[in-house]
Amino acid sequence: MSIFFACLLGVHLALKLWLSARQMRYVAAHAGQVPIQFAATISLDDHRRAARYTIAKQQLNMVHSSFAAALFVILTWGGALQWGYQALSSVMNKNLGFDLVLVASVVALIGLLDLPFEWWRQFRIEQRFGFNRMTQTLFFVDALKSFFVGAVLGLPLLAAALQLMRSGGALWWLAAWGLWAAFSFLLSVAYPWLIAPIFNRFLPLTDQALGQRIGRLLERTGFRSRGVYTMDGSRRSTHGNAYFTGLGAAKRIVFYDTLIERLHPDEIEAVLAHELGHFRLHHVIKGIAGSLGVALIGLALLAWLQTRPWFASSLGVTADPGLPREGLMLVLFGLVMPLFAFLLAPLRSALSRRHEFAADIFAAQHVSADSLVRALCKLYQDNAATLTPDPVHSAFYDSHPPASIRIHRLLASAPATASA
Ligand SMILES: [Zn+2]
């Protein structure tokens with residue numbers, strides 16, 4: 001089984017590097033000419049800049065993927081995890097706290113080692129292309145905040161899960177799944193007003209004319225929510241975006257201030273209509289249901305693997321009979337799972353792209369397709385998003401359809417729509 005996991009890791013890394021290399025080659029090869037649909041809106045200079053930006057990001061991804069694979073080897077077959085496990089046993093009692101500290105330490109270590117890559121992305125790549133608005137201080141304050149939010153939310157959940165693994169009987173994984181479902185539900189409700197404000201300021205939309213326009217759209221689409229907000233995305237980046245968040249009465253729509261500044265009212269309305277489409281077509285609920293389904297399969301798999309002696313040994317770790325083993329199993333599972341999950345990425349991306357198309361069509365039915373096309377073009381231009389992604393890379397990773405296909409479909413849907 002060691003060979004199986006080594007092959008899995010090798011395939012995972014090779015696939016990632018191959019996809020990145022494809023994307024870089026394809027984008028470079030198409031950098032000389034703006035695709036015909038965009039020739040009127042996006043200049044050749046912007047198009048070339050988007051290519052350089054895409055390539056720079058892929059280069060960093062390749063280094064990061066290689067680093068992550070090396071870390072996997074060091075932790076498992078390299079003996080680092082075994083060493084930490086034994087070292088911890090000499091300083092800690094063998095109770096729940098032992099497992100908790102073991103898992104939390106590995107998570108914190110991986111987070112810490114990822115930080116330099118995050119820093120490089122922000123202060124080298126984003127900075128070079130003029131997107132960064134973050135100070136070094138804000139970067140580290142953000143990292144600390146994330147660490148504390150993660151600890152406050154994650155540690156109680158982790159303790160409960162480990163306790164269930166220890167003494168929850170053969171069906172502990174079902175109980176753990178129930179706990180996870182309740183936690184995700186609460187988090188979805190609490191995120192917009194409890195967690196997001198730790199990082200950003202949210203203000204109700206103040207522009208009167210825009211507010212009225214949006215009010216009419218909300219009425220037309222039968223939508224009720226706590227409202228539409230703007231977020232100070234400009235504190236960190238010039239990238240613009242809009243998203244839909246929360247569940248039930250807590251749901252809200254959030255526009256980055258950078259997007260509000262850049263788009264005309266009819267384009268903002270079109271972006272909002274797209275977001276409302278996600279809500280009306282139940283994409284949010286479907287997304288939550290999907291991830292809960294995946295969690296159920298994952299937990300059942302963990303329960304099965306936990307009792308197989310070969311699982312730990314094939315990853316270079318031996319559980320000491322005198323020590324708790326649940327934390328160790330959880331760490332190994334957490335390391336191995338993403339390797340499998342990555343192979344399912346094309347499926348997840350394809351589902352997501354279907355939702356994006358559907359939300360676009362919804363928007364075209366309630367506002368005009370033209371406004372959404374204009375908004376999208378500005379967003380592609382401002383975000384230096386490539387208009388010519390490699391088809392294989394795109395099929396694998398992209399949650400949103402490639403620009404040209406998306407706009408083609410939107411315009412194709414236009415004649416059937418009546419702009420209100
Ligand atoms: Zn969308």
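This is a predicted model: local features need pLDDT of at least 70, side-chain atom pairs count only at pLDDT 80 or more; totals for chains, interfaces and linings use all residues.
Residues are numbered from 1 along each chain as its sequence is written, and side-chain values use heavy atoms, with hydrogens and water left out.

**Exercise 1. Find where confidence in the chain is lowest and where it is highest.**

Step 1: Get to know the score: pLDDT is the predictor's confidence in each residue, from 0 to 100.

Step 2: Take the chain as a whole. The average pLDDT is 92, and 98% of the residues score at least 70.

Step 3: Go element by element. Helices (H or I, at least four residues) and strands (E, at least two) are DSSP runs, numbered from the N terminus. The chain has 16 helices and four strands.

Step 4: Strand β3 (residues 242-245) has the lowest confidence, with a mean of 83, while helix α2 (residues 44-75) has the highest, at 98.

**Exercise 2. Check the radius of gyration of the chain against that of a compact globule.**

Step 1: Set up the rule. The radius is taken over C-alpha atoms, and the globule rule is 2.2 Å times the number of residues to the power 0.38.

Step 2: Compare. For 420 residues the rule gives a value near 22 Å, and the chain has 24 Å, which agrees.

Step 3: Along the principal axes, the C-alpha atoms fill a box of roughly 70 × 50 × 40 Å.

**Exercise 3. Work out which residues line the largest cavity.**

Step 1: On a 1 Å grid over the protein atoms alone, a cavity is a set of points where a 1.4 Å probe fits but cannot get out, and lining residues have an atom within 4 Å of a point.

Step 2: Get the volume, meaning the space filled by probe spheres set on the points. For the largest cavity that's about 50 Å³.

Step 3: List the lining: Ile42, Asp46, His47, Ala50, Tyr380, Gln381, Ala384, Ala385 and Leu387.

Step 4: Helices α2 and α14 (369-382) each give two or more of them, and α2 gives the most, with three.

Step 5: Sort by class. Ala, Val, Leu, Ile, Met, Phe, Trp, Tyr, Cys and Pro count as nonpolar, Asp, Glu, Lys and Arg as charged, and the others, Gly among them, as polar. The lining then splits into six nonpolar, two polar and one charged.

How values were computed:
On a 1 Å grid over the protein atoms alone, a cavity is a set of points where a 1.4 Å probe fits but cannot get out, and a pocket is an open set with protein on both sides within 12 Å along at least five of seven lines; lining residues have an atom within 4 Å of a point.
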